[in-house]
Amino acid sequence: MAKAVFCIATTFLQAEEIVDKLKNAGFASTDISVLFPDTHGAKDLAHEKHTKAPEGAVTGAGAGGVLGGALGWLVGIGALALPGIGPFVAAGPIMAALGGVAVGATVGGLTGGLVGMGIPEYEAKLYEGKIKEGKILISVHSENPDTTDCAKTIFKNENAEDIAISDEAAVKS
């Protein structure tokens, strides 16, 4: 069964290092998600790192910033406004999973969206609190135990916080 491996990065630099290591380990950009509050101005997020931002970055640019470097490599970057919580920037499969929350749901907010992705409620509430503090949620899709262990090892080696593994729920389209 597919798994999702989660962690919290405390800084953008740490998040970029983690995503870069996941990329180098062979994870596809479509398997990695990031989520963080959109409290940073465009100046804080804009930087160059010899990479072309995917076309999804255009959406992010319109939402208040351009993600560069390893985070710019991720697909589907965009802004979400979660009712009762505020603006967020998301990239990867989490964008689609939380898109429905942003559009219509008010019950459960971010926690409800994370639970819908297969994260147990306790961890979802923990992650929501950390994200509201300005930290960055990173999620990786894994199809087998070896890639699950690889992602977990990368998170540990980069000193990520609150590492967890859960069965992955299918994202409704």
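1. A residue is called buried here at under 20% relative accessible area, exposed at over 50%, and partly exposed in between (1.4 Å probe, protein chains only). At 7% relative accessibility, S166 therefore counts as buried. S166 is found in strand β6; strands (E, at least two residues) and helices (H or I, at least four) are DSSP runs, numbered from the N terminus.

2. This is a predicted model, in which local features need pLDDT of at least 70 and side-chain atom pairs count only at pLDDT 80 or more, while totals for chains, interfaces and linings use all residues. Residues are numbered from 1 along each chain as its sequence is written, and side-chain values use heavy atoms, with hydrogens and water left out.

3. Leaving aside residues up to four places away in sequence, S166 touches A2, K3, A4, F6, G118, I119 and P120. Contact means heavy atoms within 4.5 Å.

4. The sheet is open and has six strands, in the order β3-β4-β2-β5-β1-β6, with antiparallel pairing. β3 (78-82) and β6 are the edge strands, each with a single partner, so one side of each is left without a neighbour in the sheet. The twist averages 20° from one strand to the next. Two strands pair if DSSP finds at least two bridges between them. Strand β2 (residues 32-37) and β5 are joined in the antiparallel sense by four bridges; S33 has S139 in β5 as its bridge partner.

5. Two helices should be read against this sheet. α1 lies across β1, β2 and β5 and runs at about 10° to β5. α8 lies across β1, β5 and β6, at about 5° to β1. Axes are lines fitted to C-alpha atoms, for helices over the stretch in contact, and angles run from 0 to 180 degrees between N-to-C directions.

6. Helix α8 (residues 145-157) has 13 residues and reaches 18 Å from its first C-alpha to its last, close to the 18 Å expected (1.5 Å times one less than the number of residues). Its buried residues are T148, A151, I154 and F155. Seen down the axis of α8, these fall within an arc of 130° (taken from the directions from the helix axis to the C-beta atoms), so they line one face of the helix. They pack against β1 (3-9), α1 (12-24), β5 (136-142) and β6 (161-167). P145, D146 and N157, on the other side of α8, are exposed.

7. On the ends of α8: N144 caps the N-terminal end, with a side-chain oxygen 2.9 Å from the backbone nitrogen of D146. After the helix comes N159, whose phi is positive, near 60°.

Methods: Polar contact = N/O pair within 3.5 Å; in protein donor to acceptor, adjacent residues only side chain to side chain.
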